Amino acid sequence: MTLPNSQPSLSSADLDRSIMRRALDTAINGYAVSDIHGSLVYVNHSFLTMWGYTPDDEVLGRSVFDFWVSAEECGPVVASVRNAGAWMGELEGRKKDGTTFVAQVSASLVHNDEGVPIAMLSSFLDVTESRRIRRELNATLLHSERMAGTMRSLFNASEAVLASVEFNSTARVLLLESLKLIQAEIGIISLFDGTEELSEILYDKADGSGGGVLTMPGQRLQTMLTGLCPGGSVWMSNDIGQTPLAALLPVGHRELRNLILAPLIMNSTIAGILGVANHDGGFDTIDTETISSFAGLASIALKSEQTQEALRDSVSHYRSLFENALVGIARVSLEGQLLDLNDSFACMLGYKDAHELMATQTRVSTYYVDIADRDHLLDLIRTQGFAPPREIRFRRKDGGDLWALYGASLERGAVNPSIAVYCIDITGRKQVEDSNKALVRELYHRTKNNMNVISAMIGLQLMQTPDPSQRPMMLDLQNRIAAMSLVHQMLYRSADLSRLDFAAYVRELVAQTVQSFASDCPDVHFELELEPFTMLMDFVVPCGLILNELLTNSIKHACHPGATPVVHISVRRLPDGTIGLDYRDNGPGYGNVDPDTATTMGLTAVRLLAVHQLQGTIRFGCASDDEASVAGVLPRGGASCSVRFQDDHYEERV
Amino acid sequence: MTKVLIVEDEAISALLIQKKLAAAGLDVLPPVATGEKAVELALNEKPDIVFMDIRLAGRMDGIEAAGRIRAVLPVRLIFMSGYHDGDFRERALAMNPYMYLDKPVVFESLPGLCIGTNAAPGRSLSAPEHSV
């Protein structure tokens, strides 16, 4: 953008003409200018909007009188501007569509340079809404002040007050209290419950004058009364003899002629009816409004009371849940002090009730058998705000154990944060688990014993066999049985009834096998690289049988005078979870036997155990072929065997 | 000759032990299955060594039977057990036995007792040995 060479200077005439005009055009207030006779020569945008015109409408040239409701009001205003030079006040405007509004007006006379009046300038503000709010506020204030007095006199002048409320006795009491509050001298008021078979309406006054009893099915009365006030409107009659209600009036009693019924609205539905009745005088619309207002107040009071009641119910409900729960529940301070607990919890800990426990020991830490459990729990509470249920052992009053499923969470909502804990007694379950474990242990033990008996039978046979060539076969059988038996023997001793420390097993298997060959081959040197990890027995048994075969082969072939057999066994879990079992010896190797196809029982079994049972792979070779071979230790490059498998195709069963 | 009593309720196991010890040249009494019979036979036969299983048929366990025998006779006790329960083991070891063997007993590995079939018979347990 380029600027003109000579910038025009801003004269006061320009100000008048351009800027002031623009200010008027865009002002929020409405502005209008008329000539001295009252004919419009200028209006701004806000003026048009306020009066409901569009810029296309012909407004200029029209008389200012056209825009006000009353010429009688407008005339003096115009006169006052002309004579006094200004006027300020409120006028009722008429919009283009005929509707009216209240405008605050400020008008003044405009003179030319010679001091001759040439125009009238007015500004306008629509004050309809603010006037309405102020009026309603005043009315409400006035109304509420008058209300109690009006109600009082209405109820006192009436001979009966009816009310039909679906609510419970609290609602009745409340309604009665409300009536007392406005000092209505109502002696008896009967409220009937829409669900009751029969209900009564008593219409007595406190002084006992007049009265009677209406008795009819509550549901029918309710329906009829509700029908009289459709959609929540107030119903009034000064001759109820013309209505269905007449049928309700007791024979022989003073007749009530005048009746107002107002609905009690709750949650947008008619929940009850409030009514007043009298014999003489009749009611008017003011009475109607009064009873309607009172019904409105009563609705609010009932609603509020119902909420309070729900709250009280809720509190007592939860208290009752707390006290009667079978689950142990307690509240504990962050410092570890018991604040509250239920009887269930106290009984679990061996106390008569919560009271006895609270009077004995409120330090939570004293109940833990292992204080580390509490520290762990507190850590979780601090970091996560809750501790998921865990099995924790507590000490009972009698010194016995309470095994509990125990969880806790931090109660942040309260003014003083505390820990809510809940606990289920699982001591019985633990005992059953323990006895199940004992049974499984016994079974392992018996299995092992039976295997030993089988082994003993073979041993006996062995002693009686005249043919020495049968001996090795029988010893092999005994060793195979022993390899399996060892698994059961170790499981029987182990805390875990399904898994074994594989390294420990290999160590014992080696010792056991060496012992069995002690007389034939007393000096075998073992190098064991055993990484500690556990494995299910389902994997340990085949591994044990494989190792037993390999060991047997090594000892048989590597053992001759002058040589020290060396056996290297490595077990480890590889980074991908695969289990690696590597075996090497310094014997003569497989010689001319191909271990991959050999049909001997031992090698066939080894292949099947690795591939079929362990679902793994097996590789036979010369130890010197193996890149991991420890040169020097195995100088002669004996037999090697590597098994790889994943221990994931069986699951824990005990 | 060293006289041995075997107390073992598993007949086959008892038979094997009997044969092994006999083959080693010991004078082996007929094995018994209960603590009561063990006490009775021991008091009559006065063995030098008692191979005692811990869990037995009958009411009396091996430890009690061993105690009753010990109260009368200075026998060498060799406990045999498949149970590793601390309780049994502790009670057995408290009696200061000559040996405490895990079952199955590997005779070939017994110190001072080389009973392999190809070993020369006649080696006895009479030489004092350390207890396990």
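1. Among contacts in chain A between residues at least 6 apart in sequence, what percentage join residues at least 24 apart? The figure is 56%. The model is a predicted one, and the points below should be read with that in mind.

2. On the overall make-up: chain A holds 15 helices and 24 strands. Of its 654 residues, 43% count as buried. The chain exposes about 34,500 Å², and carbon and sulfur atoms supply 55% of that area.

3. On aromatic rings: the count of aromatic pairs over all chains comes to 19. One of them is formed by Phe47(A) and Trp51(A), whose ring centres are 4.2 Å apart with the planes at 20°. Planes under 30 degrees apart count as stacked, so the pair of Phe47(A) and Trp51(A) is a stacked one. Both residues belong to helix 2 of chain A, which covers residues 45–51. They are four residues apart there, about one turn of the helix. Phe47(A) and Trp51(A) are both buried.

4. Trp51(A) also pairs with Phe124(A). Here the ring centres lie 5.1 Å apart and the planes are at 80°, so this pair is edge-to-face; the cut-off for that class is over 60 degrees. The pair links distant parts of the chain, with Trp51(A) in helix 2 and Phe124(A) in strand 5 (residues 117–126), 73 residues apart. Phe124(A) is buried, as is Trp51(A).

5. These residues belong to a cluster linked by ring pairs. Its members are Phe47(A), Trp51(A), Tyr53(A), Phe67(A), Trp68(A), Phe101(A) and Phe124(A). One member, Phe101(A), has the charged end of Lys95(A) over its ring, 5.5 Å from the ring centre.

6. Another lysine placed over a ring is Lys430(A). It lies over the face of Trp403(A), at 4.3 Å from the ring centre.

7. Thr552(A) is placed in helix 14 of chain A, residues 537–558. A polar atom of the Thr552(A) side chain lies 2.6 Å from the backbone oxygen of Asn548(A). Leaving aside neighbours within four places in sequence, Thr552(A) is in contact with Asp476(A) and Phe517(A).

Notes:
Residues are numbered from 1 along each chain as its sequence is written. Chains are lettered from A and ligands numbered from 1 in the order in which they are written. This is a predicted model: local features need pLDDT of at least 70, side-chain atom pairs count only at pLDDT 80 or more; totals for chains, interfaces and linings use all residues. Side-chain values use heavy atoms; hydrogens and water are left out. Helices (H or I, at least four residues) and strands (E, at least two) are DSSP runs, numbered from the N terminus. Buried means under 20% relative accessible area, exposed over 50%, partly exposed in between (1.4 Å probe, protein chains only). Contact means heavy atoms within 4.5 Å. Accessible areas come from the Shrake-Rupley method with a 1.4 Å probe; for residues, only the protein chains shown count as cover. A polar contact is a pair of N or O atoms within 3.5 Å; within protein, one must be able to donate a hydrogen and the other to accept it, and residues adjacent in sequence count only if both atoms are side-chain atoms. Rings of Phe, Tyr and Trp (its six-membered ring) pair if their centres lie within 6.5 Å; planes under 30 degrees apart count as stacked, over 60 as edge-to-face and the rest as tilted. A charge sits over a ring if NZ of Lys or CZ of Arg is within 6 Å of the ring centre and within 35 degrees of the ring normal.
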